[in-house]
Amino acid sequence: MFEAYFDESGCDDGSKLLVVGGYLVDSGKVRRLDRKWRAALRPLGLSYFHMVDCAHGNGPYKKLTIDQRIALVTRLIYLIKQHAAMGFMAVVNPKRFQDIPRMPDAYTFALEMVLFAIGAWVL
């Protein structure tokens, strides 16, 4: 069994690209990943990770130096690489989905492509 974790970017009006991506993690490794993930955040006084805020030093990341933020991201990427079975993403241009009959919206299309990729990998 696997668990899939998804995120998207570019769903707001006017975005030139929409991206749906994420990771597939073996269900047996999820608790270990979660424990290590939280252990990486805890010393910095963080309860969650949000890349865009970390990258720009916004919100709870404002109190961290750039070196601390880089070290955190590096650590979390290492954890993902150590625990994820597969990474996936689909990138679409939302304008191509406007006014086309019988075509799903850009988000639905991207999600379907990601699910097809996961299905192909599993088989």
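What follows is a tour from the whole chain down to single residues and pockets.

**Before you click**

This is a predicted model, where local features need pLDDT of at least 70, side-chain atom pairs count only at pLDDT 80 or more, and totals for chains, interfaces and linings use all residues. Residues are numbered from 1 along each chain as its sequence is written, and side-chain values use heavy atoms, with hydrogens and water left out.

**Stop 1: the whole chain**

Start with a cartoon view. You'll find four helices and three strands, in the order β-β-α-α-α-β-α along the sequence. Helices (H or I, at least four residues) and strands (E, at least two) are DSSP runs, numbered from the N terminus. Along the principal axes, the C-alpha atoms fill a box of roughly 50 × 35 × 20 Å. Of the 123 residues, 28% count as buried, meaning under 20% relative accessible area; over 50% is exposed and in between is partly exposed, using a 1.4 Å probe and protein chains only.

**Stop 2**

Now select 2-9, 18-26 and 84-92, which are strands S1, S2 and S3. Together they make an open sheet in the order S1-S2-S3, with antiparallel pairing. S1 and S3 are the edge strands, each pairing on one side only. From one strand to the next, the twist averages 15°. Two strands pair if DSSP finds at least two bridges between them. Here eight bridges join S1 to S2, and S2 and S3 pair over eight bridges. To see examples, pick Ala4, which stands opposite Leu24 in S2, then Gly22, whose bridge partner in S3 is Phe88.

**Stop 3**

**Stop 4: Tyr107**

Zoom in on Tyr107, in helix H4. Leaving aside residues up to four places away in sequence, Tyr107 touches Glu8, Cys11, Leu18 and Val20; contact means heavy atoms within 4.5 Å.

**Stop 5: the pockets**

A pocket here is an open set of points on a 1 Å grid over the protein atoms alone, where a 1.4 Å probe fits, with protein on both sides within 12 Å along at least five of seven lines; lining residues have an atom within 4 Å of a point. The largest pocket has a volume of about 950 Å³, a volume being the space filled by probe spheres set on the points. Select Asp7, Tyr23, Trp37, Phe49 and Ile80, the closest to its centre of the 23 lining residues. S1, S2, H1, helix H2 (51-56) and helix H3 (66-83) each give two or more residues to this lining.

Finish at the second largest pocket, about 190 Å³ in volume. Of its 13 lining residues, Asp12, Asp13, Gly14, Ser15 and Pro94 are the closest to the centre.

Terms used: Axes are lines fitted to C-alpha atoms, for helices over the stretch in contact, and angles run from 0 to 180 degrees between N-to-C directions.
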